[in-house]
Amino acid sequence: MDIVEAINQRKSVRAFKSDPVPREILKEIMEPALRAPSWGNTQPWEFAIATGKKLEEIRQAFAGKAAAAEEDNPDIPRPREFPQPYDTRYRAIGRKVLEMKGISREDKEKRKRWVLQGLRLFEAPCAIYIYIDRSFYQQGDGLNIWPLFDCGLVAENIMLLATRYGLGTIAQIQAVVYPDALRKALEIPDSKVIVLGIAVGYPDWDDPVNQFRSEREPLDNVSTWHGFD
Ligand SMILES: Cc1cc2nc3c(=O)[nH]c(=O)nc-3n(C[C@H](O)[C@H](O)[C@H](O)COP(=O)(O)O)c2cc1C
């Protein structure tokens with residue numbers, strides 16, 4: 001598959017079929033994904049890949065915590081605020097997803113159920129959790145954010161490669177908002193910082209939530225060009 005085709009085809013999938021993803025296919029995705037560049041070739045990423053009963057255990061733990069209104073506490077905190085223009089863009093995607101699901105902003109019950117769906121990884125049959133070593137991230141009283149950047153590069157590789165196999169993906173902060181539950185289920189020690197989850201599975205293209213394409217700012221709005229003429 002051509003790289004531009006893969007880039008254009010990838011989009012966040014928020015409804016999956018239950019068909020399992022074979023381990024062999026996951027290996028064919030993960031191995032080339034590791035060719036991602038990283039700061040000084042440090043390759044700070046580590047992965048826990050979960051499916052079946054183990055993933056169901058995680059879903060239930062997350063759902064239980066949400067039902068108990070337990071405050072979420074991701075290892076990498078959410079943004080504290082969204083200045084403009086980010087706030088507008090962030091709200092637009094949230095609005096679009098709810099619109100596609102036919103959920104009105106006022107319907108608190110349905111919105112809550114939709115958030116729960118997110119915490120359950122939209123029922124994807126597989127999840128790839130990415131984590132890094134705390135010693136490389138927390139240094140003195142500061143943070144070395146470069147391993148997070150490197151995780152982003154490997155995550156995009158995974159998501160692009162997945163399209164080759166007809167798989168859909170979504171990068172999800174929601175998948176890692178209760179890191180203690182993940183540490184317990186996946187035996188990840190405290191010395192690791194859990195960065196991101198990627199839900200993986202065969203998309204349910206009949207679900208309207210998979211039938212829109214998110215917007216992008218035109219290139220001219222986000223770039224300046226220098227020394228070309
Ligand atoms: C780091 C990261 C975390 C994300 N977390 C979530 C999430 O928790 N729930 C969700 O529905 N989408 C999540 N997304 C998906 C974004 O909303 C999505 O990438 C964005 O709207 C652009 O749409 P596209 O992926 O379809 O191109 C996340 C994306 C990234 C890169």
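Here are some questions and answers about this predicted model.

User: Let's start with helix packing. At roughly what angle do the axes of α2 and α7 cross?

Analyst: Two packed helices are described by the angle between their axes and the distance between the axes. Here α2 covers residues 23–33 and α7 covers residues 146–163, and their axes come within 9 Å. The crossing angle is roughly 140 degrees.

User: Is α2 oblique or roughly antiparallel to α7?

Analyst: An angle has to be over 145 degrees to count as roughly antiparallel. The axes of α2 and α7 cross at roughly 140 degrees. That makes the arrangement of α2 relative to α7 oblique.

User: How many nonpolar residues does the contact of α2 with α7 have?

Analyst: From α2, the contact is made by I29, M30, P32 and A33. On the α7 side, V154, N157, I158, L161 and A162 take part. The contact has no charged residues and 1 polar residue, and the number of nonpolar ones is 8.

User: Now for α3 and α8: are they roughly parallel or roughly antiparallel?

Analyst: Helix α8 spans residues 179–186, and its axis comes within 10 Å of that of α3. The two axes cross at roughly 155 degrees, and the crossing is right-handed. An angle over 145 degrees counts as roughly antiparallel. So the description for α3 and α8 is roughly antiparallel.

User: How many charged residues are in the contact of α3 with α8?

Analyst: On one side, α3 brings K54, E57, I58, A61, F62 and K65. These meet A181, L182, A185 and L186 in α8. By class, the contact has 7 nonpolar residues and no polar ones, and the charged residues number 3.

User: What distance separates a polar side-chain atom of S12 from an oxygen atom of the ligand?

Analyst: There are 14 residues around the ligand, and S12 is listed with R10, R14, Q174 and R216 as the closest. A polar side-chain atom of R14 lies 2.9 Å from an oxygen atom of the ligand. I173 takes part through a backbone N or O atom, 3.0 Å from a nitrogen atom of the ligand. For the polar side-chain atom of S12, the distance to a ligand oxygen atom is 2.6 Å.

User: What value is phi of N41 near?

Analyst: Most residues other than glycine have a negative phi. N41, in the loop between α2 and β1 (46–51), has a positive one. Its phi is near 55 degrees.

User: Finally, how far apart are the C-alpha atoms of Y202 and L219?

Analyst: Y202 belongs to the loop between β6 (192–201) and α9 (219–222). Beyond its neighbours within four places in sequence, Y202 has contacts including F16, P20, I25, Y165 and L167. Y202 and L219 are 17 residues apart along the chain, and their C-alpha atoms are separated by 31 Å.

Methods: Residues are numbered from 1 along each chain as its sequence is written. This is a predicted model: local features need pLDDT of at least 70, side-chain atom pairs count only at pLDDT 80 or more; totals for chains, interfaces and linings use all residues. Side-chain values use heavy atoms; hydrogens and water are left out. Axes are lines fitted to C-alpha atoms, for helices over the stretch in contact, and angles run from 0 to 180 degrees between N-to-C directions. Helices (H or I, at least four residues) and strands (E, at least two) are DSSP runs, numbered from the N terminus. Angles under 35 degrees count as roughly parallel, over 145 as roughly antiparallel, 65 to 115 as roughly perpendicular and the rest as oblique. Contact means heavy atoms within 4.5 Å. Ala, Val, Leu, Ile, Met, Phe, Trp, Tyr, Cys and Pro count as nonpolar, Asp, Glu, Lys and Arg as charged, and the others, Gly among them, as polar. A residue is near a molecule or strand if one of its heavy atoms lies within 4 Å of it. A polar contact is a pair of N or O atoms within 3.5 Å; within protein, one must be able to donate a hydrogen and the other to accept it, and residues adjacent in sequence count only if both atoms are side-chain atoms. A crossing is left-handed if the near helix is turned anticlockwise from the far one by less than a right angle, and right-handed if clockwise.
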